[in-house]
Amino acid sequence: MRTIACLAAGGVAIALPFFVGPYGHYLLCMAVIYAMVALSLGLLLGVAGQISIGHAGFWAIGAYTSAILVTKVGVPFILTLLVSGLFAGVAGLLVALPALRVQGHYLAIATLGFSLVIVHVLYEWDGLTGGRQGMFVPRPSIFGYELMSDFSAYFLLLAILAVTLLLVVNLRRSLGGLSLNAMRLSDIAAQVCGVNRATTTMFVFALSAAITGVSGAFYGAVLGQLSTDSFTLVVSLGFLTMVIVGGLHSVVGALLGGLFLAYSPEFLRAFEEWQMFIYGALLVGFMHLLPDGLASLPRRALRLVRRRDA
Amino acid sequence: MNWLPLLLSGLAVGSIYALIGLSLVIINKATHVVNFAQGEIGMFGTFIALSVLSATGLPVFVVLVLSFPIGFLIGALLEIVFIKPVASGPPLNVLIVTLGLFFMFNSLAGIIWGFDPYRFPALFPTAPIAVGGAAVSPTSLGIIVITLLVMAALYVFFEHTRYGTAMRAASMNPFAARLMGIRVGVVATVSWGLAAGLSVMSGILIAPLTFVDQQMMLAIILKGFAGAILGGFASLPGAAIGCLLLGVMEAFVGAYVDNTIKDSFAFVLIIVVLMVRPQGLFTKALKRKV
């Protein structure tokens, strides 16, 4: 049953671009890019119980690392994905360093401060990043072939997303994922059972940041240009909104969240001024009414039906 | 003698941070969560004050005094409507709600009042006065004096009044406090009101120096965090002193080292303090009972 559902979802994901136009391809690419961020944030928030309001910072590191390596050094795009992930991961490790000493939500403030510093640095370092004007980024390429259209880039993205999914799903089931879960539920009990709080927190931060970095590398390449405006606090909070709307505690929720963040600007275009307000209201509303997000709807509905039968 | 004006302007900016830092600590003590919407509540209240000012033509100082009850109402209402229903859940949920409130207030201010900066009338005379051979801005002095008065009032309230003592008790041990007849739920509402009142005051104090727009408190709330963490998030006096210290350090770093790193300085400081001395400079490490 589970395998069939997975295969069906994969089939739909592969078939979808054949039914939409070029702009639809672009939106699908964005949905996959966002879904990767949602997966990484879901890992941090849903599994480890740590919040980050600075994921735009890791995203920026990934995007600029890849763009600079491709344009200034001439490294193939596929290789830059690895470097982007590595750099963002190391940054994640640095941000999580306070985890050695502090508990609770202090780390959230550290992530916020970090992302603002990163954007500040990128903005000032205009010799490398183009500063205020930003920089142009070549299309993604694989083994020397440039993926000129979003149609072809989508399939590369889908492949990377599949790898990420596999990684995250397996991590959730592994000892590491279980100890993270235990940490979220009660850090004292987890530590009594032999979970090292500091190293597990740092590990999940680094992994989450690395996945976001890879997603950032794709973001720059698909968009074709980068400027520091793409990595503001609003973007970080948008990421948070998508994870909450989709659902924290499952991979399905992360995918739904990615779709939400890519398509919601289309639906909200008529109320452009209200977009941020709606994001905020969604955060508050979901926390009050549906804290496990859209992904928990089927289960809730099922429970409701059963109750009526009984 | 150019260190005196620098010290005073640093202390003035630090006072603004301190008001925000104090409100963060008050809410953290009551609800055990960091309220990310604190700065935006202050910004929103400042806009309301500006509207009141231009509609009624009251003197600026009356509006400054009125700002506290306005803020108190906003904060208390927010707590009752948005926070109380989720307060029994995991703290993470409350934190996310405050982030949602941040979004809502930030964009609502833009929708209502537009995205252009407004000028706020000066609270104090602008001509510098000479103190010991150095030119000192009366605005800085005024901000410092008002903040000190507010801090003294807070101290008296928390240490020497019945309700202040009840609030401290509710923060230390909610269960025991409830057994003693303290309505812990009401304490949380009052804390939110108190904190919002302080934030609106800080917004009005800083408004004549910057401008009033929907981004005005963004940097300030971060500095408030940084200062409170520097001094110790668990204690009101510690947080206040940390914020003042941060303001002074910023002023000197900006003047003697480099003005562009002034803004990033606070954020680097947050991470360093959290790594080296997470309980802050002035408080002892909190021991948790298992």
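Q: Over residues 135-158 of chain B, what percentage of the chain is helix?
A: The structure is a predicted model. The UniProt annotation "transmembrane region", from an unreviewed entry, includes residues 135-158 of chain B among the stretches it covers. The end C-alpha atoms of this stretch are 37 Å apart, and strand accounts for 8%. The share of helix is 88%.

Q: Over residues 34-54 of chain B, how far apart are the end C-alpha atoms?
A: Residues 34-54 are also among the stretches of chain B under the UniProt annotation "transmembrane region". Here the chain is 81% helix and 0% strand. The end C-alpha atoms are separated by 34 Å.

Q: What pattern does chain B follow along the sequence?
A: Chain B contains 11 helices and 2 strands. Read along the sequence, these elements give the pattern α-α-α-α-β-β-α-α-α-α-α-α-α.

Q: What is the radius of gyration of chain B, and which value would a compact globule have?
A: Of the 290 residues of chain B, 49% count as buried. The C-alpha trace spans about 60 × 45 × 35 Å along its principal axes. A compact globule with 290 residues would have a radius of gyration near 19 Å, and chain B agrees with this, having 19 Å.

Q: Which helix of chain A gives the most to the side that touches chain B?
A: In the contact between the chains, 34 residues of chain A meet 34 residues of chain B. Helix 5 (106-124), helix 11 (233-246) and helix 13 (275-289) of chain A each supply at least two residues of the side of chain A that touches chain B. The residues on that side divide into 25 nonpolar, 6 polar and 3 charged. With 10 residues, the one that gives the most is helix 5 of chain A.

Q: At what angle do the axes of helix 3 and helix 5 of chain A cross?
A: Residues of helix 3 of chain A, including Ala56(A) and Tyr64(A), meet residues of helix 5 of chain A, including Phe114(A) and Leu122(A). The residues of this contact divide into 8 nonpolar, 2 polar and no charged. The two axes come within 8 Å and cross at roughly 35°.

Q: Why can helix 3 of chain A be described as largely enclosed by the rest of the structure?
A: Helix 3 of chain A comprises residues 55-73, and its 19 residues should span 27 Å at 1.5 Å a residue; the end C-alpha atoms are 26 Å apart, which agrees. Helix 3 of chain A is largely enclosed because the number of its 19 residues that are buried is 16.

Q: Which residue follows helix 3 of chain A?
A: The residue after helix 3 of chain A has a positive phi, near 85°. This residue is Gly74(A).

Conventions
Residues numbered from 1 in each chain as written. Chains lettered and ligands numbered in written order. Predicted model: local features only at pLDDT ≥ 70, side-chain atom pairs only at ≥ 80, totals over all residues. Helix = DSSP H or I, 4+ residues; strand = E, 2+ residues; numbered from the N terminus. Expected span 1.5 Å × (residues − 1). Buried ≥ 20, exposed ≤ 12 C-beta atoms within 10 Å, placed from the backbone. UniProt positions renumbered as here; feature names shortened; annotations may be inferred. Contact = placed C-beta atoms within 7 Å. Nonpolar A, V, L, I, M, F, W, Y, C, P; charged D, E, K, R; others polar. Axes fitted to C-alpha atoms, helices over the stretch in contact; angles between N-to-C directions. Rg over C-alpha atoms; globule rule 2.2 N^0.38 Å.
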